[in-house]
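I opened a new notebook page for this structure. The entries below keep to what I looked up.

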Amino acid sequence: MFDKLNALKETFNSELAKSKSKVQLTILKDQYLGRKKGKITLLMKDFKSVPASERKELGKALNQFKAEVVRVLQDAEDVLTDQTLEQQLSTNSIDITLPGNRRPLGHPHPLALVRQEIESIFHSLGYSVEDGPEIETTYYNFEALNIPEDHPARDEGDTFYFSNNLLLRTHTSPVQIRTMERSQPPLRIICPGTVYRRDNPDATHSPVFQQVEGLAVDEKITFRDFKGTMEFFLKSFFSEKTLVRFRPSYFGFTEPSAELDISCRFCSGSGCRVCKMTGWVEVFGAGMVDPAVFNFVGIDPEKYNGFAFGIGVERFAMMKYGVDNILNFYQNDLRFLRQF
Ligand code: DAH
């Protein structure tokens, strides 16, 4: 029996030396350790026929050999695994020090930048942001804003109508009405959003554009509060040196109404092409809320007053960045957009 064992050890060693692949190792493992016909398994089955005096020693030797075979086969397999890995690394090598492909980073649109800046200035004054629908009724877009039935702004040539009383809002002012309907003063809000007008596109007109509406309502708000707020805003947005001028104007929803001008940023007031030699550039419309509007929303005009304003975002962006064609903001030419 001992002789058999020694012979088996020898054949195993020589066969192991010849096994150069994982497949060969698996075959060898099966030949020696296979549960039914493995050579070691069979030898162990013969164990019963061994005389009792030899059993102890032989048992030990058999177990040692079996453990040895398991270990040696595993080692051989590990070596092969390492070798294949090394081979793979040396043939298809990856240089991990090479820089990766950079993905282009997106960034805010110039109109978003301007809108955010307007918002943050009014935030600092305690204003909050309100939102409203872009599809409006004639009631909110015109009537409740005290814009009479025969006003030219209601004309089909100026407004996109879906039906008699449904339209694409032509300004963000309807959000004033919606906000005042659901909340009582004191109110300090701005409403940024998209508006639509039936204009043919050209350097200063786009049928789609953005506005930021503003509204402050409280007891004892004066024209001085209005002027002070507007001046603070325009100086913060453009520069401390900016001069602000109020010209009388007309809007149905404000009384008195004003058109605001700022000193021309390009010539500092001495006159140039941008300001058409006047030294002033018109920026937006505003005024003290007309008591008629308060009556529409159920706020007592005897107790409360306020002011409102409507800022054109494109106009501000054009002035701030010196852009001379409004359509640049809508053509999505990356050469233009990447500059901001
Ligand atoms: N809604 C006006 C427009 O689109 C702008 C405007 C003017 C808004 C005066 C106001 C305001 O709130 O008081 O032309």
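My notes cover the model, the cysteines, the nonpolar cores and the ligand.

Entry 1, the model. I note that this is a predicted model, where local features need pLDDT of at least 70, side-chain atom pairs count only at pLDDT 80 or more, and totals for chains, interfaces and linings use all residues. Residues are numbered from 1 along each chain as its sequence is written, and side-chain values use heavy atoms, with hydrogens and water left out.

I looked for disulfides (a pair of cysteine sulfur atoms within 2.5 Å) and counted zero. For cysteine 272, the nearest cysteine sulfur belongs to cysteine 264 and is 3.7 Å away. Cysteine 272 has 17% relative accessibility, so I list it as buried (under 20% relative accessible area, with a 1.4 Å probe and protein chains only).

A nonpolar core is a set of buried Ala, Val, Leu, Ile, Met, Phe, Trp, Tyr and Cys residues joined through side-chain atoms within 4.5 Å. The largest one has 44 residues, and Phe233, Leu234, Leu260, Phe284, Phe309 and Phe316 touch the most other members. Apart from it I found another core of 22 residues, among them Ala144 and Val289.

Which side-chain atoms make polar contacts (N or O atoms within 3.5 Å) with it? A polar side-chain atom of glutamine 211 is 2.9 Å from a ligand oxygen atom, and one of glutamate 213 is 2.6 Å from a ligand oxygen atom. From the backbone, a polar atom of phenylalanine 309 lies 3.2 Å from an oxygen atom of the ligand.

How values were computed. Buried < 20%, exposed > 50% of the residue type's maximum accessible area, 1.4 Å probe, protein only. Polar contact = N/O pair within 3.5 Å; in protein donor to acceptor, adjacent residues only side chain to side chain.
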